[in-house]
Amino acid sequence: MTDKIDLEKYKKKKRTFAGNTRDYRTQCEIISDKEEAIKYLVEFIKDESLSEKIKNILNDEVPDYFWINPSSSSGKYHPSDERGKFGLVLHTCRVVKIVDDLCVAAQITGSNREELIAAAILHDSFKYDLPPGNHHTVKLHCIIPGEQLSISDRINQSIRTHDGQWGIPDEWQYADEYQQLLHYADYIASRSYVHIRIP
Ligand SMILES: [Fe+2]
């Protein structure tokens, strides 16, 4: 009788483990393949010309380290699976997913939504400074995209304020509620207890 019970427990554990392994592999395939990651991100943008524009920026203008580095250089914040290789891409996918959902909840539509999603995609694109990048993240990463990339003022403004009170002093006063929403999404995604599955 005892053996039977133990066997059932083992089978259950095996199933759970197999499920986790499968999920992990799916996630890794997306975030470790630049093309797959870009496809996943730009599909959130419904406006075709903006989607194409952001796709080109991701392909050609975002630093190479963006596709490899962890999301946190200190290791203090962010979920554990973002503290290693491909962490920054994984974090970006998560922020975009949260913003997409918050737009539904807050009834943000049209160009307001599209530009907010684009800002979410690019918000940490220069997190480790200009290429080839530093060993540590830099506070200036909020303003570098606006200087380096050809993006609209609204996308730029949302990126500039995405670090909220931890951003550049005098920069983080939000011009509108959309900017605040990106900061909240980024903040939530950086909590160590938040593990959002991608895709
Ligand atoms: Fe971020």
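Biologist: So a residue is buried if 20 or more other C-beta atoms lie within 10 Å of its own, exposed if 12 or fewer, and partly exposed in between. Which of these is D129?

Modeller: This is a predicted model, to begin with. D129 has 18 other C-beta atoms within 10 Å, so D129 is partly exposed. D129 is in the loop between α5 and α6.

Biologist: What about its phi?

Modeller: The phi of D129 is positive, about 80°, although D129 is not a glycine. Most residues other than glycine have a negative phi. F86 also has a positive phi, of about 70°, and is not a glycine either. F86 is in the loop between α3 and α4.

Biologist: Is F86 buried or exposed?

Modeller: F86 is buried, because 21 other C-beta atoms lie within 10 Å.

Biologist: And S150, buried or exposed?

Modeller: S150 is exposed, because its count is 9 other C-beta atoms within 10 Å. S150 is in the loop between α6 and α7. In sequence S150 and E61 are 89 residues apart, but their C-alpha atoms are 9.7 Å apart in space.

Biologist: Step back a bit. How many helices and strands are there?

Modeller: The chain has eight helices and zero strands. Of its 199 residues, 36% are buried. Take the contacts between residues at least 6 apart in sequence: 55% of them join residues at least 24 apart.

Biologist: What does V96 touch?

Modeller: Beyond its neighbours within four places in sequence, V96 is in contact with L41, F44, I117, A120 and I121.

Biologist: A120 keeps coming up. Which helix is A120 in, and what does A120 touch?

Modeller: A120 is in α5. Setting aside residues up to four places away in sequence, A120 touches V95, V96, V99, L182 and A185. A120 is buried because 31 C-beta neighbours lie inside 10 Å. A120 and V95 are 25 residues apart along the chain, yet 6.4 Å separates their C-alpha atoms.

Biologist: How do α4 and α5 pack?

Modeller: Their axes are 8 Å apart and at an angle of about 160°. Angles over 145 degrees count as roughly antiparallel, and therefore α4 and α5 are roughly antiparallel to each other. The crossing is right-handed.

Biologist: Which residues meet there?

Modeller: From α4 there are T92, V95, V96, V99, D100 and C103, and from α5 there are R113, L116, I117, A120 and I121. By class, the contact of α4 with α5 has eight nonpolar residues, one polar and two charged.

Biologist: Why so spaced out along the helix?

Modeller: In general, an α-helix has 3.6 residues a turn, so residues three or four places apart point the same way.

Biologist: At what angle do α3 and α5 cross?

Modeller: The axes of α3 and α5 cross at roughly 10° and come within 11 Å. That makes α3 roughly parallel to α5. L50, I54 and I57 of α3 meet E114, A118, I121 and L122 of α5. Six of the residues in this contact are nonpolar, none is polar and one is charged.

Biologist: And how do α2 and α3 pack?

Modeller: Their axes are 10 Å apart, at an angle of about 150°. The two are therefore roughly antiparallel. I38, L41 and V42 of α2 make the contact with S51, I54, K55, L58 and N59 of α3. That contact has five nonpolar residues, two polar and one charged.

Biologist: New topic. Which residues of α7 are buried, and what covers them?

Modeller: In α7, the buried residues are I155, Q157, S158, I159 and R160. The cover over the buried residues of α7 includes α5, α6 and α8.

Biologist: Last one: where are the cis peptide bonds from P131 and from I198?

Modeller: The bond from P131 to P132 is cis, with omega near 10°, and P132 is in the loop between α5 and α6. The bond from I198 to P199 is cis too, with omega near 0°, and P199 is in the segment after α8. Most peptide bonds are trans.

How values were computed. Residues are numbered from 1 along each chain as its sequence is written. This is a predicted model: local features need pLDDT of at least 70, side-chain atom pairs count only at pLDDT 80 or more; totals for chains, interfaces and linings use all residues. Helices (H or I, at least four residues) and strands (E, at least two) are DSSP runs, numbered from the N terminus. Two residues are in contact if their C-beta atoms, placed from the backbone, lie within 7 Å. Axes are lines fitted to C-alpha atoms, for helices over the stretch in contact, and angles run from 0 to 180 degrees between N-to-C directions. Angles under 35 degrees count as roughly parallel, over 145 as roughly antiparallel, 65 to 115 as roughly perpendicular and the rest as oblique. Ala, Val, Leu, Ile, Met, Phe, Trp, Tyr, Cys and Pro count as nonpolar, Asp, Glu, Lys and Arg as charged, and the others, Gly among them, as polar. A crossing is left-handed if the near helix is turned anticlockwise from the far one by less than a right angle, and right-handed if clockwise.
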